[in-house]
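Let's take a friendly walk through a protein structure. Have a look at it first, and then we'll go through some of its parts together.

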Number of protein chains: 2
Amino acid sequence: MSPKPRNALYAQSGGVTAVINASAWGVISAAQQHPDRIGTVLLARNGILGALQETLIDAATLSPQQLGALQTTPAGAFGSCRHKLTRTQEFDRLVALFAAHDIGYFFYNGGGDSADTCLKVAELARQRGLDLTAVHVPKTLDNDLPRTDCSPGFGSAARYVATSVREAGLDVASMASTSTRVFVMEVMGRNAGWLTAAAGLAASDATTPPHILLVPERPFDRGHFLDEVQKTVARIGYCVVVASEGLRSADGKLLAESEHKDAFGHAQLGGVAPLLAGLISDQLQLKTHWAVPDYLQRAGRHLASGTDLQHAIAVGQAAVQFALEGKASVMAAIVREQDAPYRWHIDAVPLAHVANQEKKMPREFLDESGYRLTDAARAYFAPLIQGEAPIPYVDGLPALPDWRFDDIPQRLPLWHG
Amino acid sequence: MSPKPRNALYAQSGGVTAVINASAWGVISAAQQHPDRIGTVLLARNGILGALQETLIDAATLSPQQLGALQTTPAGAFGSCRHKLTRTQEFDRLVALFAAHDIGYFFYNGGGDSADTCLKVAELARQRGLDLTAVHVPKTLDNDLPRTDCSPGFGSAARYVATSVREAGLDVASMASTSTRVFVMEVMGRNAGWLTAAAGLAASDATTPPHILLVPERPFDRGHFLDEVQKTVARIGYCVVVASEGLRSADGKLLAESEHKDAFGHAQLGGVAPLLAGLISDQLQLKTHWAVPDYLQRAGRHLASGTDLQHAIAVGQAAVQFALEGKASVMAAIVREQDAPYRWHIDAVPLAHVANQEKKMPREFLDESGYRLTDAARAYFAPLIQGEAPIPYVDGLPALPDWRFDDIPQRLPLWHG
């Protein structure tokens, strides 16, 4: 006779993406296929905070509509958080929660910081002798998780920024004779230029936008940059720049961190794009426009990549499979088999090799100037933005999900954190 | 025997939109159905500038692929311009051009300023005794053209901003427990809040984003605004604001015009969103994020509204019909018959009633607070964002058009403008 099924706990953590809910669906749907091994799938509200606070949803209470919406709705259906586990009190609480709800499986869906949380939970289980298997489900817009070819969430954001700069580039091209000559779009990425570089996919040759990519890995050289802008405008009449929010000067300072006051006398929040646009209009006397899509780029589910959606579901499903196989303290990683036609599979990699590390973009992804994609970069990025992932529209807008869930009754004393 | 066919001249003017090329297609396809009346359709490069410079494309040389791409590609395929006709020299040149190319029909595709240009050309023809029929084809993101229910280009931008704020709102909602509490998105609109108000369609009730709309028609009241932000955060945990770029203080000053220096010591280019975000984080100590989609919202053809696309094609086709009926100095206006189910037709309205005028948004479109849509506004906006208008994707990105066109040989001396 097989052992009694144990319950599972799933939570979303860190910055959300266009497809993180698809990973939730992957975990839930795979777990529900093994009722002999996995009993209740509990979903923590707001990541690890919901585990501490014991605000838990029973996945079995989700309606078919809600389950379906997980595959087509961006951001975190159950809430996410930015929280690092540090205190003994927190670890004790988690042990109490795992016991109270008979948790045998822990699935944590996030990026580098979340991998650290997942690893800490795994180590906690080992130290306290709990029978608990912790598996990390990767997700990050930044694409900086090591030991995986890419991270779910990145491909969709990449498709969003590349589509946006292609469309806006056509706008600039058509108006340049009498209006804007230089357009600057700012892209997320504090420490690595993955997403900015992926926007470079929109350029089909040396004349189509974007013409200049600015990434954190290459220190910003003001003179060289202005020269390149001027040369591009002279050559084709206009210039489109994509810049990482994490762009730094040679001394390592974030450009967007520079202090300046706004009209109310407050410190102005950063923004590399307005800074660069100001520099260009001032130094080159060219009319500029700038865009900062911010959350639009990571919430843009309507433009999600089909590949990314498949990845997101697959890592969720594989995480469950790995847990059932007893692979503890691992991450469900995406392994690329070949670029074209694109082939991939999911593998388990040790979480200890993942947590708290950032994967930088290879230097050879940008050419000598540092401004343009190389063929190696194109071969890497191209498959990740392929395919459509249609969503339902109601009255012209993405269907609004019904994220009203009931919490299960609490079994522990109130958490005072 | 019917008279010899005359040639037509079409040009795109002012800020481009997601569907202005669809109007070009409407004009070209309708004109080509009347070879007995209309000979060659000439397309001026860069609006009226191409007429002055005699840089003209023969529409008959467009490939089937190029004609098809007009229906699915944003911005101006033939280039646009911002240029007001003022000098006698320019009018003389136009008369010479019309004669040299036997132009009997003039179709100008633009907003308020362009309607002025079209009217000036019509008056020029009358004064000089030319047999030339000028018809205006409306287009403006701003939706501020009078005598038409709406303007092509607006509905698609409205669908873009409403979709974007719905998606980003889900992001903010899911992170608010430990991260961003207030998100501010800036929307185009210098003098009228049409587009900002349309973003309000994303809110299905008083709890869903956006929670606060800020339009130029209502002077910005800092205290009242901060109070509303705070109350919203207290009520539902976060707050999403959509603000017009043209937001003004009670003394009529543009908020974004306020002078402040950036890190390079340059005057920082405007941006209402970063200004408001800075105000909120400073005064309410809440974490903020902000987005400025800028050209992305008017070039976002991938999210174009089906209604808007139909409007854009219809005004182009009707302009040709009106010209053939001898209706001179008119604009092809959209007339709404009923809201739901939406019904409309195209009518000819005198250009003199259109040029150089701005249609403001009705005061009753916002409630007493000035922050929320009324039912009247919803009834007006809702049909304009309905329906999809799919585009072809190649390798995950909107297909890049081949906008290489040959100019016809010049017949006039070089223009030294």
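This is a predicted model: local features need pLDDT of at least 70, side-chain atom pairs count only at pLDDT 80 or more; totals for chains, interfaces and linings use all residues.

The report below covers how two chains meet and then visits a few residues one by one.

## What you are looking at

## Where the two chains meet

How many residues of chain A are in contact with chain B? The count is 85 residues of chain A, and they meet 85 residues of chain B. Together the two chains bury about 6900 Å², and 63% of that is on carbon and sulfur atoms. There are also 27 residue pairs in polar contact across this interface. On chain A's side, the residues touching chain B split into 39 nonpolar, 32 polar and 14 charged.

Which parts of chain A build that side? Helices H6 (154-175), H9 (272-284) and H10 (295-299) each give at least two residues, and so do strands S6 (182-187), S9 (288-291) and S13 (397-398). The largest share comes from H6(A), with 13 residues. Salt bridges turn up too: the interface has 2 of them. One joins Arg298(A) to Asp171(B), with their closest N and O atoms 2.7 Å apart.

In an unreviewed UniProt entry, Gly15(A) is listed under "binding site". You'll find Gly15(A) in the loop of chain A between strand S1 (6-12) and helix H1 (20-32). Is it buried or exposed? Gly15(A) counts as buried because its relative accessibility is 12%, and the cut-off for buried is under 20%.

Setting aside residues up to four places away in sequence, Gly15(A) touches Arg82(A), Lys139(A) and Arg298(A), plus Met175(B) from the other chain. Arg298(A) is also the residue in the salt bridge with Asp171(B).

## Ser179(A), in touch with both chains

Next comes Ser179(A), in the loop between H6 and S6 of chain A. Ser179(A) has a relative accessible area of 7%, so it is buried. Apart from residues up to four places away in sequence, Ser179(A) touches Lys287(A) and Arg82(B). The side chains of Ser179(A) and Lys287(A) are joined by a polar contact of 3.3 Å.

## More names from the record

The "binding site" annotation in the unreviewed UniProt entry also covers a set of other residues, among them Met188(A), Arg190(A), Glu245(A), Gln297(A) and Arg298(A). Let's compare two of them.

Arg190(A) sits in the loop between S6 and helix H7 (194-199) of chain A. Arg190(A) is partly exposed because its relative accessibility is 45%. Not counting residues up to four places away in sequence, Arg190(A) touches Pro216(A), Glu245(A), Gly246(A), Arg248(A) and Leu254(A). Glu245(A) is itself named in that annotation.

Gln297(A) belongs to helix H10 of chain A. With a relative accessible area of 1%, Gln297(A) is buried. Leaving out neighbours within four places in sequence, the contacts of Gln297(A) include Leu141(A), Tyr160(A), Glu186(A), Met188(A) and Leu195(A). What does the side chain of Gln297(A) reach at 3.0 Å? That would be the backbone nitrogen of Met188(A).

Conventions:
Residues are numbered from 1 along each chain as its sequence is written. Chains are lettered from A and ligands numbered from 1 in the order in which they are written. Side-chain values use heavy atoms; hydrogens and water are left out. UniProt positions are given in the numbering used here, feature names are shortened, and annotations may be inferred rather than shown by experiment. Helices (H or I, at least four residues) and strands (E, at least two) are DSSP runs, numbered from the N terminus. Buried means under 20% relative accessible area, exposed over 50%, partly exposed in between (1.4 Å probe, protein chains only). Contact means heavy atoms within 4.5 Å. Buried area is the accessible area (1.4 Å probe) that two parts lose on being put together, summed over both. A salt bridge is a side-chain nitrogen of Lys or Arg within 4 Å of a carboxyl oxygen of Asp or Glu. A polar contact is a pair of N or O atoms within 3.5 Å; within protein, one must be able to donate a hydrogen and the other to accept it, and residues adjacent in sequence count only if both atoms are side-chain atoms. Ala, Val, Leu, Ile, Met, Phe, Trp, Tyr, Cys and Pro count as nonpolar, Asp, Glu, Lys and Arg as charged, and the others, Gly among them, as polar.
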